[in-house]
Amino acid sequence: MKIFYKTAASATGGRSGTAALDDGSFSVHMVRPDSGEAGVNPEQLFALGYAACFDSAMELTAKRLNLDAAGSMTTIDVGIGQTSEGGYALDLDITAHLPGMARDDAQRLVEATHQVCPYSNATRGNIDVRLHIKTEEV
């Protein structure tokens, strides 16, 4: 595989510490979801990255399929829970908002995007993922 881009981040203190990009451009205070403290948790950061990546992949895929995805938006809902084996796993819902697009075209676009997006490829087979489509105006 030819690598187009690579980045690194470091964290100290886990869910109650700090995470930062190694180039110094971004740092964030980490908190547990139930702490009531100001800050973010890893699931929120994952949702942000996945939403941006999927939406970008959807733009590329729409061009390849000769579809107009203008005004698209992607929402990623991330859940975390305990497995029956005692470990922890993520659970995802991807909602593609494609206002005005025909339902069949939207379905074809979202399924094709799910095959292109690097986050989708990284999570396939590891995380329960459900795809949803909204074609009405937001």
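**Exercise 1. Across which strands does helix α2 lie, and at what angle to β6 does helix α2 run?**

Step 1. Find residues 103-116, which form helix α2; this helix lies across β5 and β6. Helices (H or I, at least four residues) and strands (E, at least two) are DSSP runs, numbered from the N terminus.

Step 2. Helix α2 runs at about 150° to β6. Axes here are lines fitted to C-alpha atoms, for helices over the stretch in contact (heavy atoms within 4.5 Å). Angles run from 0 to 180 degrees between N-to-C directions.

Step 3. Now look at helix α1, residues 42-64: it lies across β4 and β5, at about 145° to β4.

A word on the model: it is predicted, with local features needing pLDDT of at least 70 and side-chain atom pairs counting only at pLDDT 80 or more, while totals for chains, interfaces and linings use all residues. Residues are numbered from 1 along each chain as its sequence is written, and side-chain values use heavy atoms, leaving out hydrogens and water.

**Exercise 2. Work out the strand order and pairing of the sheet that holds β4.**

Step 1. The order is β4-β5-β6 in an open sheet of three strands, and the pairing is mixed. The edge strands, each pairing on one side only, are β4 (73-82) and β6 (128-134). From one strand to the next, the twist averages 15°.

Step 2. Take β4 with β5 (residues 88-97): they run antiparallel and are joined by 10 bridges. Two strands pair if DSSP finds at least two bridges between them. Met-73 stands opposite His-97, and Gly-81 stands opposite Ala-89.

Step 3. Follow the hairpin of β4 and β5, with five residues between the strands; here Gly-86 takes a positive phi near 100°.

Step 4. Turn to β5 and β6, which run parallel and share seven bridges. Ile-94 in this pair faces Leu-131 of β6.

Step 5. As a reminder, strands of a sheet pair through backbone hydrogen bonds, either parallel or antiparallel.

**Exercise 3. Describe the sheet that holds β1.**

Step 1. This open sheet has three strands in the order β1-β2-β3, with antiparallel pairing. Its edge strands are β1 (9-12) and β3 (27-29).

Step 2. Strand β2 (residues 18-21) pairs with β3 over three bridges. The bridge partner of Ala-19 is Val-28 in β3.

**Exercise 4. What is the phi of Asn-66, and is Asn-66 buried or exposed?**

Step 1. Phi of Asn-66 is near 55°, a positive value in a residue other than glycine. Most residues other than glycine have a negative phi.

Step 2. Asn-66 sits in the loop between α1 and β4.

Step 3. Asn-66 counts as exposed because its relative accessibility is 71%. The cut-offs are under 20% relative accessible area for buried, over 50% for exposed and partly exposed in between (1.4 Å probe, protein chains only).
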